[in-house]
Amino acid sequence: MNYLSCKRIFFSLCCIAFSAIEASPCTSAIVAADASASGRPLLWKHRDTSNTDNVIDYIPGKDGEHSYVALYNATDTKRDEAWIGMNEVGFAVMNTASYNIKDDKVPQSKMDREGFVMSIALRSCTTVDDFEALLNSLPRPMGVEANFGVIDAYGNGAFFETNNHSYVKYDLSDAPGGVLIRTNYSHSGRKGEGYGYVREANANHILAPYIEEGGITPELLTENLSRNFYHDVNKTDGLSSSTRWIVDEDYIPRYKSTATVVIEGIQPLDLKDTPLPEFIIPEYIMWTGLGYPPCSEIVPVWCHADGVDDELKAIAAGGTSPKANLARSRRDIVFNYPQGKSKKRSSKYIDTRTLSNSDGTGFIQVLTPENLEVYRLIKEKRDRKAIDFKY
């Protein structure tokens, strides 16, 4: 890996002037191979952001760099900032914004560089150790305040709670039950600060029985957690009550949720083995639901020029994704409270009957079985080695 080149690229990106954007609150998890039903590690990101339009794109490698596939803001036409992605040798990375580890006075105009860091990592890293070496090599201040989650083809995984000058690594091998969960604060940061404490508790509660039996699957993450309205403070499920309207606050799915993505790796390689693209690419799947997750359709993505479905690409008006646009139109039906037009968060009300109802016509009720069938068919095809790409 040419870290000198990475440093030059990063320095040039940091010299680009652009307006500070709102950081992206998210809910995420890393699952060890031993904790997953398939024996494959998982990297999950439920993305929350004010950048409503997300797309998926494949970036071919050049000059010795890795090819990779990643999620981008549709407005990022140069594809500079990846927000979750995987490359051809089995390295995958994502992030959640943190709000309790920045310990300096670096101005906001020089922050929010996480997407640049992840793009550099995708084209240059093979292992979790490579990513740590990359963090050590980048110029300071790095312009980040984030929890970076990574996995590789050897079954390694970690969260790196990172600020402008340092990081704290949480290794997946040390995680109770083989699962690490992060939202919008860092466990190594200042206590009581940050966001997402309730969302993290929600995720822990929902996953607990599956962690105990080692049975976590990608579909559990996209079809359950990303569509689940359990609230740990109230100990209630917002969709199971008789109340039609519930306030959009502290659930995993939120009005600003724009994607649910799980990268499913391979059964870990032996250390003596090399992760060859022709082996890795058919095995790694990025299960992708663009748009408001309770209303999204899951589409498999592979790290290949032919591995991204057109409906996930920027082919619609304004460079947006048809799948994301469809889910957003459904979201507008969910948030249809007539007096809820204010932009204030407290005014966002969820019409639970549009998601789940006695007629069985709610978006979750209709879409979940369809998505589960996609999972079944694609996994079956993958497991019998019927994913065939030309190299």
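1. In which loop does Pro141 lie? In this predicted model, Pro141 is placed in the loop that runs between α3 and β7 (146–151). The peptide bond that joins Arg140 and Pro141 is cis, with an omega of about -5°. Most peptide bonds are trans, and a colleague going through the backbone may therefore wish to look at this one individually.

2. Asp63 has its place in the loop between β3 (54–59) and β4 (68–73). As background, a negative phi is what most residues other than glycine have.

3. Turning to helix packing, helix α2 (residues 114–124) and helix α3 (residues 128–137) pack with their axes 10 Å apart and at an angle of about 130°. That angle makes α2 oblique to α3, since angles over 145 degrees would be needed for the pair to count as roughly antiparallel. The crossing of the two helices, α2 and α3, is right-handed.

4. As for the residues behind this contact, α2 contributes Val117, Ile120, Ala121 and Ser124, which meet Phe131, Leu134 and Leu135 in α3. By class, the residues of the contact of α2 with α3 comprise six nonpolar and one polar, with no charged residue among them.

5. The count of cavities of 30 Å³ or more comes to two, and the largest cavity holds about 50 Å³ of space. Its lining is made up of Thr52, Ser257, Thr258, Gly291, Tyr292, Ala324, Arg328 and Arg331. Both β14 (257–264) and α7 (322–334) supply at least two residues of the lining of the largest cavity, and the largest share, three residues, comes from α7. Sorted by class, the lining of the largest cavity has four polar, two nonpolar and two charged residues.

6. The second largest cavity, with a volume of about 30 Å³, is lined by Lys45, Arg47, Leu71, Trp83, Ile84, Ala259 and Val261. The elements that give two or more residues to the lining of the second largest cavity are β2 (42–48) and β14. Here the lining divides into five nonpolar and two charged residues, with no polar residue.

Key:
Residues are numbered from 1 along each chain as its sequence is written. This is a predicted model: local features need pLDDT of at least 70, side-chain atom pairs count only at pLDDT 80 or more; totals for chains, interfaces and linings use all residues. Side-chain values use heavy atoms; hydrogens and water are left out. Axes are lines fitted to C-alpha atoms, for helices over the stretch in contact, and angles run from 0 to 180 degrees between N-to-C directions. Helices (H or I, at least four residues) and strands (E, at least two) are DSSP runs, numbered from the N terminus. Angles under 35 degrees count as roughly parallel, over 145 as roughly antiparallel, 65 to 115 as roughly perpendicular and the rest as oblique. A crossing is left-handed if the near helix is turned anticlockwise from the far one by less than a right angle, and right-handed if clockwise. Contact means heavy atoms within 4.5 Å. Ala, Val, Leu, Ile, Met, Phe, Trp, Tyr, Cys and Pro count as nonpolar, Asp, Glu, Lys and Arg as charged, and the others, Gly among them, as polar. On a 1 Å grid over the protein atoms alone, a cavity is a set of points where a 1.4 Å probe fits but cannot get out, and a pocket is an open set with protein on both sides within 12 Å along at least five of seven lines; lining residues have an atom within 4 Å of a point. Grid points are joined across faces, edges and corners, and a volume is the space filled by probe spheres set on the points.
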